Amino acid sequence: MKILIPKALRREEVIGLISPSSTCAEPERIQRAVTYLERCGYRVKTSLYLNRSEHDPAHTDRYKLHDLHQMFADREVRAIFCLRGGAGATRLLDRIDYALIAANPKILVGYSDITALSLAVFRKTGLVNFSGPMAVTDLFEPSSYTEEHLWGMLTDPGYSKSLVNFDGHEVGCVKPGAVAGRLIGGNLSVLSSLVGTPYLPSFSGSLLFTEDVNEPAYRIDRMLSHLFNAGLAQKCRGLMFGQFSKNPADENRDYRFDKIFTYYANRMHDGAPVMTGLSYGHIRELMTLPVGARCRLEISPEQFSFGAAEAVVSI
């Protein structure tokens, strides 16, 4: 596969907003996010059907596809940010014009349900894209950590070489090692739903990162076992667990999750490092990750080093 690297974002360039997943019930957050992006020095173009919803998903999907294709075709738009996650992006995958996207490679940012779009775009086009903050869940009032990682990643070709975890997120070494591979991952629930479809990138030689929100331990266990039973996780060179936000009903949650992560770490091949605590997930201090980029990971009880081994944006 030919890897496509989007151009770095510059001040005064245009960021397009689309809503491929759920709509936002608090539209004032959209305006706050637009104001924030403009304050950062960018122009913002909202898509024609932004935040529009219909009871019939067939109508909603037509709006979503129109906006996605229009933003990639629009020569003025240099980056595309998603409104929020939720649900619905998986319905679009078999009707996306991937040739259009490949012909117009540009920055694409989103996480959670956008994992489906992110992985499918990389699988079908080779375009490196970014699992990172979205307009109404993060950018209407971003933390300084989230800001630094987002703009550093999208504007500075050298920034991604060394990515630093948030101080408040403790890194855990489940299995030590040092490797490099293509960074593949996202939300575990969405990622696991793509198994067996033509929209999931190859796990062979990859670094797999994942997170989830409000999922009890038994469901995380089931989804991870699905990746192993499908023969996928064993092909990865390393495994990075992000922040698995708590389900209030999950008793002894930390203990159970630690045991699950250790169990699957032991099923990885020799030499495959496994870590916990990556600053990635449904959290306020969110690291932006370059999906499809070749990255390196080194983890031991004494050291954590992580970053891209190649540029994720070009000048």
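Let's start with asparagine 187, whose bridge partner in strand S8 is glutamate 211. S8 covers residues 206-213, and it pairs with S7 in the parallel sense over 6 bridges. On its other pairing, S7 (residues 177-187) runs antiparallel to S12 (residues 294-299), again with 6 bridges. There, alanine 178 has glutamate 298 of S12 as its bridge partner. Strands here are DSSP runs of E, at least two residues, numbered from the N terminus, and two of them pair if DSSP finds at least two bridges between them.

A quick word on the model: it is predicted, so local features need pLDDT of at least 70 and side-chain atom pairs pLDDT 80 or more, while totals for chains, interfaces and linings use all residues. Residues are numbered from 1 along each chain as its sequence is written, and side-chain values use heavy atoms, without hydrogens and water.

Now, the domains. The assignment, automatic or from a database, gives domain 1 (14-142) and domain 2 (161-308). Their centres, taken over C-alpha atoms, are 24 Å apart.

What about the core? The largest nonpolar core has 108 residues, and Phe81, Ile96, Trp151, Leu278 and Phe306 touch the most other members. By core I mean buried Ala, Val, Leu, Ile, Met, Phe, Trp, Tyr and Cys joined through side-chain atoms within 4.5 Å, with buried being under 20% relative accessible area (1.4 Å probe, protein chains only).

Terms used:
Buried means under 20% relative accessible area, exposed over 50%, partly exposed in between (1.4 Å probe, protein chains only). Helices (H or I, at least four residues) and strands (E, at least two) are DSSP runs, numbered from the N terminus.
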